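User: Could you walk me through the pockets and salt bridges here?

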Amino acid sequence: MASSVGGDAGEGEWLKVAELRAMAEAQDPRVKEVDNMTLRRFLRARDQDVSKASSMLVKFVAWRREAVPGGVMPADQVRGELSHDKARMGGVDRTGRPIVFAFPAKHFSANRDMAEHKRFLIYLLDKICARIPRGQEKFMCVVDLKGWGYPNSDVRAYIAAIEIMQSYYPERLGKALMVHVPYIFMKAWKMVYPFIDANTRAKIMFVEDKNLDETLRREMEESQVPEIYGGKLPLTPLADD
């Protein structure tokens with residue numbers, strides 16, 4: 001379990017979680033609604049610095065109430081994004097982390113609405129996090145860039161995705177595989193890279209096409225390899241999940 005969830009918490013860490021709760025609740029009483037496992041993720045995201053974790057947590061609570069006032073992002077708020085089928089749910093990797101597959105070539109900057117894009121990111125992240133089983137805290141993401149070209153390039157949208165995940169879903173991403181990466185994508189990547197923190201960078205792996213089959217089968221059981229990569233598992237559209 002330690003390797004899959006980033007290490008079990010010892011007594012010292014749980015004491016820091018209690019300290020974090022007290023500090024954050026003093027700033028915003030609504031923090032009492034946040035469970036201890038979430039607090040632990042914020043603490044780990046700030047390298048056990050209680051003060052920094054408290055600031056991050058308080059910002060999260062305020063953001064969540066404004067961004068998702070009902071607690072759940074309704075599908076009808078992201079119908080436009082869902083219609084493009086930009087992401088699908090898969091199975092699990094070998095450590096039990098649920099897998100989400102993203103297809104950036106189905107995103108076009110010319111018709112992107114930033115407000116809906118951000119709502120969609122919340123909808124997507126909430127969906128995959130809801131699939132995380134007990135005893136696990138993270139998910140895996142496969143970003144398939146097959147067919148990606150300049151019309152799909154949208155640095156502002158990519159930065160928004162990174163900022164939302166890093167600021168409001170800390171310690172949720174376990175690993176990200178970048179596959180079928182065209183050379184021209186690296187120009188956009190260079191602009192996005194400075195916005196990615198060190199923890200997230202360490203989880204991103206670029207996979208060469210020649211190594212794709214071997215990599216997927218190393219990361220997941222044969223039964224969990226999607227049909228689109230030569231396996232047998234059909235991917236589930238978000239709208240049907």
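Analyst: What follows goes through the pockets and then the salt bridges. This is a predicted model, in which local features need pLDDT of at least 70 and side-chain atom pairs count only at pLDDT 80 or more, while totals for chains, interfaces and linings use all residues. Residues are numbered from 1 along each chain as its sequence is written, and side-chain values use heavy atoms, with hydrogens and water left out.

User: Okay, what volume does the largest pocket have?

Analyst: The largest pocket has a volume of about 600 Å³. A pocket, on a 1 Å grid over the protein atoms alone, is an open set of points where a 1.4 Å probe fits, with protein on both sides within 12 Å along at least five of seven lines, and its lining residues have an atom within 4 Å of a point.

User: And which residues lie nearest its centre?

Analyst: The lining of the largest pocket has 26 residues, and Asp-35, Thr-38, Arg-41, Phe-60 and Arg-172 lie nearest the centre. Helix H3 (36–45), helix H4 (50–67) and helix H6 (114–130) are the elements that give two or more residues to this lining, helices being DSSP runs of H or I with at least four residues and strands being E runs of at least two. By class, the lining holds 13 nonpolar, 3 polar and 10 charged residues.

User: What about the second largest pocket, how much space lies in it?

Analyst: About 150 Å³ lies in the second largest pocket, which is lined by 13 residues, with Gln-166, Pro-170, Glu-171, Asp-197 and Thr-200 nearest its centre. Helix H7 (155–168) and helix H9 (198–201) each supply at least two of the lining residues.

User: Switching topic, how many salt bridges does the structure hold?

Analyst: The structure holds 17 salt bridges, each being a side-chain nitrogen of Lys or Arg within 4 Å of a carboxyl oxygen of Asp or Glu. One of them joins Glu-25 and Arg-21 at 3.2 Å, N to O, and both residues lie in helix H2 (residues 11–27), 4 residues apart, about one turn of the helix.

User: Is Arg-21 buried or exposed?

Analyst: Arg-21 counts as buried at 17% relative accessibility, whereas Glu-25 is partly exposed at 27%; buried means under 20% relative accessible area, exposed over 50%, and partly exposed in between, with a 1.4 Å probe and protein chains only.

User: Which pair links distant parts of the chain?

Analyst: Arg-94 forms a salt bridge with Glu-221, with the closest N and O atoms 3.1 Å apart. Arg-94 is in the loop between strand E1 (87–92) and strand E2 (98–102), and Glu-221 is in the loop between helix H10 (212–219) and strand E6 (236–237), 127 residues apart.

Key: Points joined across faces, edges and corners; volume = space filled by probe spheres on them. Nonpolar A, V, L, I, M, F, W, Y, C, P; charged D, E, K, R; others polar.
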